[in-house]
Amino acid sequence: HLRGDQLRAQLRHRLRGRAEPEPWTEEPPGLRRGSRLAPFPGAPPHAHFDGERAIELLNREVEFRQGIEWDHAREGPLWAYHLHQFDYLRAGELAPPVRTALVLDWIERHPRGVGWHGHPLSVRSMNWLKLLTTPGALELDEAAERRVRASLGAQLATLAARPELHLLANHYLANLIALVFGGLLLEGPQPDAWLAHHGALRAELEEQVLRDGAHFERSPMYHAVLLEGVLDLVNVAAAQRERAPEGLEASLRETAARMLGALRVWTHPDGRIALFGDAAFGIAQEPATLESYAVALGVAPKGPARDGVLDAAGFVRLREAPFHAIVTAGEPSPAYQPGHAHADALSFELSVGEQRVVTDTGVAEYVRGVYREMSRATRCHATLEVDGRDQAECWHAFRVGGRPRVALLEAEPDRSAEGVCGGWSTRDTLHRRRFRLEGGTLRIQDAVEGRARPLRLTLPLAPGLEPQLAAEVARVRLPGGRLLEIALPRGLAWRVERTLYFPEFGRVVGRASLVGEGRRLTAGTWLFRLAST
């Protein structure tokens, strides 16, 4: 499935390893201060620094005894990446001298290492530039500012020399966003070369942002992270119009508008994202924050061609009070980099009012192990498992071998959706699922066509919801006293099973799931409705 340029880059990466950072021997690049810059959003919810010794990232706090240990690796590679991204310095309550001291300390004590990998380098360079162009965010004398600008020059030169072509997808897009961001705000021969990446950036946005506005990795979390980056570029391009290449700002605005429209499809009534694929709360800015940022930039959401239907990505929103369901019917994507995909076709999330009832599993960590396997497994999503096998061949931490055949066959905005899935190793068994929301009732019809195999249906519930199961009916008391009745597909043996939920990185929460097992499901029907009493 790898692309040719990706395969060549992977071979180079494996043979050569990670090269040394590019030295900066020129004059520090000049800084273009945009007086028209809109305020950048603050730190994302998961990143905290107490201003002295303790940094909390991904729900794991580390208190350093003598200064920040930049080579700290005991919390895993993802924590290390976020340590070097410096998102936590964007918190409004930090004093300028505190931010300044940490930036200069990194320059002095981390000349090489994990902080020079492509992704943290991309995020950090943008964060430092945001601080440099925000009045009063840093407290720098002339010599210190030159050191920071020289370091930024070395960082962006390193990124330009070694973009993450071996990974592509969101990593490569983040690289290009950072290079163009730096090219717009810095001056000199090398910044001019970084800005020249705007052509590659536009090409990647055209490929990665589908015609319906959804990012092609189909993760609402990564979609929101990248949307913030696109809005940041809109902000800087508008403030630096004399430097921005012709047509760049307009192109970015159009892309951001479509991405905002798609994000609305992925947003529940509680204002937070759905957790499909690799997605968790707290990493990306909340949808309301991104919408407010867009308003400040004059960017209005542009919904997909059919309201609530992401045809290209394979998602449908069904909405009629009191129910709000989000359905997924797409394959692991993109084919050459499905590392953030889960085996979750034809699964769904459901809210009743603002209360989440049926939830995806989320993601707790990215290291190989039980939690990582659970977050990706078919049986941990609200869908059907056939013969005890996952729909997709998920292996290691980010690999997908065999792929399912998935199709969104029909969608009526806010009302209905129908899709099919044939698992990678059970292709002679086809799962067909139809959703219909009408008259205050959500009806889901499951049918299995082809060879009969052992089946398992799972309905994972939000933490705190405890179903009372009687024969083939489950009753769930919701906060506030309302009673949700769920008529379950007949002919299966139903039980309540204790399972796990990963709403944020580093958080593991127990919950209840309804599980039905059997050998045949010619036509099984679910009915969700609020009881009259």
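## A hairpin of strands 3 and 4

Strand 3 and strand 4 form a hairpin with two residues between them, and Leu58 in its turn has a positive phi of about 55°. Strands here are DSSP runs of E with at least two residues, helices are runs of H or I with at least four residues, and both are numbered from the N terminus. Strand 3 pairs with strand 4 (residues 60-63) in the antiparallel sense, over four bridges. Two strands count as paired if DSSP finds at least two bridges between them. Ala54 has Glu63 in strand 4 as its bridge partner.

This is a predicted model, in which local features need pLDDT of at least 70 and side-chain atom pairs count only at pLDDT 80 or more, while totals for chains, interfaces and linings use all residues. Residues are numbered from 1 along each chain as its sequence is written, and side-chain values use heavy atoms, with hydrogens and water left out.

Strand 3 (residues 54-57) also pairs with strand 2 (residues 48-49), again in the antiparallel sense, over two bridges. Here Phe49 has Ile55 in strand 3 as its bridge partner. The hairpin of strand 2 and strand 3 has four residues between the strands, and Gly51 in this hairpin takes a positive phi near 90°.

## The nonpolar cores

A nonpolar core is a set of buried Ala, Val, Leu, Ile, Met, Phe, Trp, Tyr and Cys residues joined through side-chain atoms within 4.5 Å. Buried means under 20% relative accessible area, exposed means over 50%, and partly exposed lies in between (1.4 Å probe, protein chains only). In soluble globular proteins, nonpolar side chains tend to be buried together.

The largest nonpolar core has 111 residues, and those with the most contacts inside it include Phe86, Leu89, Leu201 and Met221. Helix 9 (residues 220-239) gives the most to this core, with twelve residues. Another core lies apart from it and has 39 residues, among them Phe348, Ala462, Trp494 and Phe528. Leaving aside neighbours within four places in sequence, Leu89 is in contact (heavy atoms within 4.5 Å) with Phe49, Leu94, Arg99, Leu102, Val103 and Leu131.

## The buried side of helix 8

Which residues of helix 8 are buried? In helix 8 (residues 198-208), they are Leu201, Glu204, Leu205 and Gln208. These residues cover an arc of only 100° around the axis, so they are on the same side of helix 8. The arc is that of the directions from the helix axis to the C-beta atoms. An α-helix has 3.6 residues a turn, so residues three or four places apart point the same way. The cover over the buried residues of helix 8 includes helix 6 (169-185), helix 9 and helix 10 (248-265).

Strand 6 is joined to strand 7 (residues 315-320) by two bridges, and the two run antiparallel. Leu310 stands opposite Phe315 in strand 7.

Another open sheet has eight strands in the order 14-15-16-17-24-21-20-19, also with antiparallel pairing. Strand 14 (405-412) and strand 19 (467-470) are its edge strands, and each pairs on one side only. Strand 15 (residues 416-422) and strand 16 (residues 429-438) run antiparallel and are joined by seven bridges, with Ala417 opposite Phe435 in strand 16. Strand 20 (residues 473-477) and strand 21 (residues 483-487) are joined by five bridges. Their hairpin has five residues between the strands, and Gly480 takes a positive phi near 100° there. Strand 21 also pairs with strand 24 (residues 524-530) over four bridges, and Ile486 has Phe528 in strand 24 as its bridge partner. Phe528 is also among the residues of the 39-residue core.

Is Thr267 buried or exposed? Thr267 counts as buried because its relative accessibility is 13%. Thr267 is placed in the loop between helix 10 and helix 11. A polar atom of its side chain lies 2.6 Å from the backbone oxygen of Leu263. Leaving aside neighbours within four places in sequence, Thr267 is in contact with Arg272, Ile273, Pro287, His324 and Ile326.

Ala296 is found in helix 11 (residues 287-297). Ala296 has a relative accessible area of 54%, so it is exposed. The C-alpha atoms of Ala296 and Arg519 are separated by 56 Å, and the two residues are 223 residues apart along the chain.

Key:
Polar contact = N/O pair within 3.5 Å; in protein donor to acceptor, adjacent residues only side chain to side chain.
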